[in-house]
Amino acid sequence: PLLDVLAAVRAHRPKTALSVVCLVGKNIAQYAPELLDSGADVCLPLPFARAELQATCTNHAGIIDYIRGLSARNEQKNRANMAMADDLRKYMNHARDSAQTLLDSLPASGGAEQRSTVSAIYRGASDALKLLNDFIDLDSLDRGTLQWNMQPERLDLLVAERLALATQTAWGKSLRIRRILTEVTCPLDRTRMAQVIDKLITNAIKATPSGKDVIIRVGKTENEAVLAVTNQGNGIPPEDRPHIFKFPHAARAGAKSNGSSLGLFLAAQFVAAHRGRIWMESKLDQETAFFIALPLNAESCASAELNGQA
């Protein structure tokens, strides 16, 4: 019965919040290893001096107080980091929008050098903004505070919209972006899935050499809407493939060209929150394809079940 009590206590109070000292009599001394495995911090065998018990409890209480203080300081640091990230996001939004306005004002003919410079500023601001958004989303996922709004949406139209916004990223690389978009509707959070699509398209453009193709396909099976983003880059080394959606992942150069580990980690988390699947197939020196499959059935990814789970 004591083992069951310990397991129940640990289910609600981890060792960082509560220290458990077991006083072990001779008749149960043999169970000391099991008590420790079940969540006890220390087993104090009988007979023991009062001072020994007091010292043991005081020591463990001090450890808990230290951990609580450390957690409080980390929380303060996290809040400060989030405040700075939010301020930086505002500045980068302004820099990106200003670059876009300047690009729109440049004449279509001539001024190629000026357009190239402004485009580089636009891409740099966009990359920095995406990284900041990823950082903020990662913190929200960790806290369970990310908000979801699941609604029936045309996946093909959402992909077409994100492709139109990705033209500045592809400018100057002479890429061919081929699209095969079949009409398909499925329940999704438009904002979060747009982020996933942006990550995959941007990564594909970056990984594809000039003169090669990026191929975007949207279709459906009997139960799922499917998005496939293929780039004709260098491929991902076999040793990196099992870790490509994990974080943190110190990817080799081949995997880095297909996107940051943080971006792909968040993409996997967002897709999982939709009760969907994400995977990758790669052939070295040929191509890499990223796939997303989302349920067509609204009951499979009800928004009520998503809150706090991502």
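Let's start with a crossing: H5 passes H7 in a right-handed way. Helices here are DSSP runs (H or I, at least four residues), numbered from the N terminus.

A word on the model. It is predicted, so local features need pLDDT of at least 70 and side-chain atom pairs count only at pLDDT 80 or more, while totals for chains, interfaces and linings use all residues. Residues are numbered from 1 along each chain as its sequence is written, and side-chain values use heavy atoms, leaving out hydrogens and water.

Back to H5 and H7. Their axes are 10 Å apart, at an angle of about 55°. That makes H5 oblique to H7. Axes are lines fitted to C-alpha atoms, for helices over the stretch in contact, and angles run from 0 to 180 degrees between N-to-C directions. Under 35 degrees is roughly parallel, over 145 roughly antiparallel, 65 to 115 roughly perpendicular, and the rest oblique.

Who touches whom? Contact means heavy atoms within 4.5 Å. From H5, Leu158 and Arg162 are among the residues that meet H7, whose side includes Met193 and Asp198. This contact has eight nonpolar, no polar and four charged residues. Asp, Glu, Lys and Arg count as charged; Ala, Val, Leu, Ile, Met, Phe, Trp, Tyr, Cys and Pro as nonpolar; the others, Gly among them, as polar.

Next, H4 and H7. Their axes come within 12 Å and cross at roughly 135°. So H4 is oblique to H7. This crossing is left-handed. Asp127 and Lys130 in H4 are among the residues meeting H7, where Arg192 and Lys199 are included. The classes here: no nonpolar, two polar and seven charged.

Finally, the largest pocket. H7 gives the largest share, eight residues.

Conventions. Helices (H or I, at least four residues) and strands (E, at least two) are DSSP runs, numbered from the N terminus. A crossing is left-handed if the near helix is turned anticlockwise from the far one by less than a right angle, and right-handed if clockwise.
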